[in-house]
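I opened my notebook to look up a few things in this structure. I start with the terms, then go from one residue to the whole chain.

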Amino acid sequence: MAIILTEAEAKALLTKVLSYSKADECEVNLIGEERGNLRYARNEVSTSGSLINQNLQVQSAFGKKVGVATIDEFDDASLEKVVRRSEELAKLAPENPEYVGVLGPQQYLKSNGFFDSTAKVTPDTRADVVAKSLELSRAENLAAAGFLQDNYGYSAMMNSKGLFAYYPSTNVNFSLTVRTNDGKGSGYVARGYSDFNKLDTAAATRIAIQKAKGSAEARAIEPGKYTVILEPTAAVVLLENIFYNMDARSADEGRSYFSKAGGKSRMGDKIVDERVTIYSDPTNPELPASPWSGDGQAQAKTMWIEKGVVKNLAYSRYWAQKQGKKPLPYPNNMIMAGGTASLEDMIKSTQRGILVTKLWYIREVDPQTILLTGLTRDGTFYIENGKIKHPVKNFRFNESPIIMLNNLESLGKPERVLSTESDQNYLIPPMKIREFTFTSLSDAV
């Protein structure tokens, strides 16, 4: 059987699986994917890998007793066996008080996240684009370490109430660190796309090379509060900690930043600068996403923070029912609207400040305020009178992305960016922030 099934093939297979069900309710999820990667270090390819995966998950329910079983064999006997297994487990399970049953048929938006250019990538294609990167770092006598990964596949689901969903998608992620041979300078770049044709490894490598060479003679400056320009790669690892918290249940139960006294939430409150708008949209051409969530709910374009005001929090179907609200699934993508300034414009408009390429080792200090700590790395530069003057030693920071978005000076054009902490892609603008708190120096590059 093919690994990547068409919509018709997936539908036929899921219909067959459901025909074996004797449970009150049954839901079947199916995925198939092919991944390939190329890893390199010290200007040499170190590993080339591929992965093929196909998986079927069956959830059976008798009343509120639920059992789940998975399998990766697809002959008829195995398909019937996995359904029986899920039913046996359901009968043994205690009742799940939060089980709300399966959904009926849904209407889904059209989202195009599948590109032939990515689906057709071969080991030769990977080798060619990595060679372009390696030629540049070798020519400059710099040491490059990078990772290129592409995947294509689909997910599908069907249940005993007639719901059917199918979504094919592709993705390619490229990340690269370039270092000077004395280990004093380091530059980083990351790119993520749905369409492989958009990946330009040579252009990305030139940026990392420029940062590596430029950051070699770093000077120590005093920690403290500075105006900073965060490139999207740096900003995203802070912002996604806001995104993770946008859940109504944890807010209502007093467990998150979005909680308020008396079991209330910050819904409707202005929490950040009015230039901040964060939304999700599965049909966004730059960041397409599945138009359905894990439980089959339709994903719509949704405002989460609009002009600084909290507009929505995600409600699971159980929590929505309990609170008398409409369910709203957690989104499959997150986009932050930006301004029109380029990174160069932002640097030019800065009297004194620091340009940050990347933040890493992000840890939560205080969940109630989303206070985070971490370190800069791979290119941190001092700006004076609108020009990059010299590289500076790396810092540890202590900052909340909420406070940061209240100290907003300007926003650039949103870019698709790969988070180094979660491997998720987002659309995030570069941002200029005043009074960003650096607490100490770090000797690492």
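I took helices (H or I, at least four residues) and strands (E, at least two) as DSSP runs, numbered from the N terminus. This is a predicted model: local features need pLDDT of at least 70, side-chain atom pairs count only at pLDDT 80 or more, and totals for chains, interfaces and linings use all residues. Residues are numbered from 1 along each chain as its sequence is written, and side-chain values use heavy atoms, with hydrogens and water left out.

Entry one: Asn-245. I found Asn-245 in the loop between helix H6 (232–244) and helix H7 (248–252). Is Asn-245 buried or exposed? Asn-245 is buried, because its relative accessible area is 13%, and buried means under 20% (1.4 Å probe, protein chains only). I then looked up its contacts (heavy atoms within 4.5 Å). Leaving aside neighbours within four places in sequence, Asn-245 touches Ser-250, Ser-256, Tyr-257, Phe-258 and Ile-370.

Entry two: the whole chain. I noted 10 helices and 21 strands in the protein chain. Of its 445 residues, 53% are buried. Among contacts with a separation of 6 or more, 73% join residues 24 or more positions apart.

The C-alpha trace spans about 70 × 60 × 35 Å along its principal axes.

I noted 54 positive and 53 negative side chains. Lys and Arg count as positive, Asp and Glu as negative; His and the chain ends are not counted. The centres of the two sets lie 4 Å apart, with each charge placed at NZ of Lys, CZ of Arg, CG of Asp or CD of Glu.

Note on methods: Buried means under 20% relative accessible area, exposed over 50%, partly exposed in between (1.4 Å probe, protein chains only).
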